[in-house]
Every structure is written in C-alpha cells, then in structure tokens.
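Biologist: Let us go through this model together. Please keep the answers plain.

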Amino acid sequence: MRLSERLIRDGKLDKKELSLLLSSFDGKDLALLSEEARRIRDKEYGRKVYLRALVEISNHCRCNCLYCGIRRDNRTVRRYRLEDDVIIAQAELSYSLGMRTLVLQGGEDQYFSDDRLERIIRSVKEKHSDMAITLSLGERSEESYRRLFLSGAERYLLREESITKRHFQMLHPEGQKIEERIRCIQNLRKIGYQVGLGFMVGSPYQSDENIANDIILISRFAPQMVGIGPFIHAENTPFENEKNGSLEKTLLIISVLRIMRPKLLLPSTTALGALDPRGRDMGLEMGANVIMPNMTPQTEREKYNLYDGKPHVALESAEEIKKLEAHLTSLGYEIARERGDSHEENENYRREYV
C-alpha cells in the first residue's frame, strides 16, 4: 500500500513515514491526496473561499532573518510605515468590498507600539464589530499580546519556520531562538487567540525530516490556521543565490495537512503564484480555502518584498471582486462574505469584543 493511501485510510502518518512520503511522492500520490483533501475540505467548509484583506503596515524590521527581503541589514529596501488613518481607511475599503477579515502584517517594528495598535484595532472594531482582525507582527511580550487581544484582535499568525532547533538557527542570526518563538505561540494560545503556524517549503538546509517535524507539530498543536509556501530567494540577503522551493512538494503538504487536520483554514499563498501563474488555483485544488488579497496602498505595496517576484493579488474595486468571483465560480467555488472562523475548537477565543 502506498503511503498516500495509508494517510487517506488512517488520517495520519508518523515522522518516518512522512519523511519517506516527502522524499518519494509521485504524480499518483498528488492525485490521490488532492482528491481526498478536496473531499474533506468540502465536507467541513463547503466550496467556500474566504477572503482575508491583507494590509502590510510596515517594512521596517528589527530582525535579521537570513531569508527575508526586508531584513534589518538590507540597505536597498525603501522603507515605509503606513499612517494610522491610512490603515483604518484600507480596513474600511476592504469591508465595503465584502471582506470580513482584516490582516495587519508587518516587520517587527517598534514604532507600532501597543498604544498605537490598540487605537487602530479599536477604531476598526467600533465601526465594524463583525470584522475579524488578524495580526502578524512577530514576537512580542505576553502582556502586549494580551492588550491587543482585549482591544479586539482575535487571530495571530506566527509561523514557527522550523521546529527543528538546528535548522531554525541556520535560518536566523544568533539571538533569535526557536524556544522564544514557541513561548510566544504558547502565550497566544493561552490568551485565547485563534493561532496560525507555518513554514517555508524548501528553505536552505531543510531536510524532509525537518518538514515532517513541523507537520507533526501542527498536527499536535492543532492551530486554527496554517500558512505554507515555497521558499523563494530574495535579493541582497545571505540566501539570494539559493534554489527556490518545490511547487509540487508545497502542494503535496497542503493536502497532507488538510487530511491530518480537516478543520484548518489553509491559505493558497501568494508565493505559489510566484512560481506558477496558476499557483493560487492549484493551492485551492489541493485543499486550501483562503485567499489573501493585498489591500496595501499601491504606492507602498511593491516595497514589501519578502522575496523576489512577489505577486500582488489586489482587489481594490468592486469590478475586481466581480472578476475574482467569476473566476472562482468557473472553478466551482464561491466567495464567502463572512468572517470565516476556523471549525477547530478553542473555547478561549469565543468571547465578546471588549
């Protein structure tokens, strides 16, 4: 029996089996797993695709991750910070276009203090209490996470990148530790956030066993969201000449995660589109059910270059929403004009806005 068939039958594989599947899969495995992943997703969520309005609030970052295009020591980056009123205006525009989740993403920029973020979050929630707010702003203190949660943020994406300590250190400078990343993730869960994890596929020095370790982590931790994308090199970084990750392996992992954790919210990430013009559609066909249109103002959008060739899925008008809806309809999907909370249970996050 193929390992892909075992996974479909049992809903899980151990680390050794996952490593072997990742190193030996073929087209038949992709076909089997994608069919099962779609079946599970459709049973759990239907054919809905959830839109998350992405606003990249700053490309300043105190961190120096070796793979990242906006790392602190990249002197070629044209830095920017969005003003508070611009962020709030983009949230308003996103809401008017039918999106009910706002994602505020940025580098670890101390300019965006707890006070500033609280004002922004409260302003959005006061106007639109039915709009979920997701933050992706890196490592912060437990007190910071708590304050932002109480101001109205409900979800937080903090990718572990690699749970394998040795591999994590190969991707990050001395001073950044996987232990601190995990401590932050545990604090987010304890406070009551819907938590998102994730990693790059094909990052430098990554082995199939490393990937298997991350899949096992996700299976055991049971986050509400997982962001998976291929590694893509960025100019003026230590990894600028490294080979990009595999599109096929990334797609395989999306299906594996859907089968192992049926209730996950899984984005079809922009990085898939960087490797293939149909990458976003492929991600949906492998079991993903989220798309994140880029609502960062056009004047700043191209400055948020995490990697080379980053596509910008922009939906800044009703006409563009209609085009996306027509495209998804042609593929058999529908846009969900709702918050789109995960079906993964987490009693703590079901609370009224404070």
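Biologist: In which helix do arginine 6 and aspartate 10 both lie?

Modeller: This is a predicted model, in which local features need pLDDT of at least 70, side-chain atom pairs count only at pLDDT 80 or more, and totals for chains, interfaces and linings use all residues. Residues are numbered from 1 along each chain as its sequence is written, and side-chain values use heavy atoms, with hydrogens and water left out. Helices (H or I, at least four residues) and strands (E, at least two) are DSSP runs, numbered from the N terminus. Arginine 6 and aspartate 10 are 4 residues apart, about one turn of the helix, and both lie in helix α1 (residues 3-10).

Biologist: How far apart are the closest N and O atoms of arginine 6 and aspartate 10?

Modeller: Side chains of opposite charge can pair when their charged atoms come close. A salt bridge is a side-chain nitrogen of Lys or Arg within 4 Å of a carboxyl oxygen of Asp or Glu. Arginine 6 forms a salt bridge with aspartate 10, and the closest N and O atoms are apart by 3.6 Å.

Biologist: How many salt bridges does the count come to by this rule?

Modeller: Some of them are linked in a network, which contains Asp114, Asp115, Glu118, Arg140 and Arg147. Another salt bridge joins the side chains of aspartate 341 and arginine 339, at 3.0 Å from N to O. By the rule, the count of salt bridges comes to 37.

Biologist: Which residue forms a salt bridge with lysine 190?

Modeller: The closest N and O atoms of the pair lysine 190 and glutamate 142 are 2.9 Å apart. This pair links distant parts of the chain, 48 residues apart, with lysine 190 in helix α8 (residues 178-191) and its partner in helix α6 (residues 142-151). The partner of lysine 190 is glutamate 142.

Biologist: Is aspartate 10 buried, partly exposed or exposed?

Modeller: Buried means under 20% relative accessible area, exposed over 50%, and partly exposed in between (1.4 Å probe, protein chains only). Aspartate 10 has a relative accessible area of 37%, so aspartate 10 is partly exposed.

Biologist: Which strands stand at the edges of the open sheet of 3 strands?

Modeller: Two strands pair if DSSP finds at least two bridges between them. The order is β8-β1-β9, with parallel pairing. Each edge strand has a single partner strand, so one side of each is left without a neighbour in the sheet; the edge strands are β8 (290-291) and β9 (334-336).

Biologist: What is the bridge partner of valine 49 in β9?

Modeller: Strand β1 (residues 48-51) runs parallel to β9, and 3 bridges join them. In β9, valine 49 has as its bridge partner isoleucine 335.
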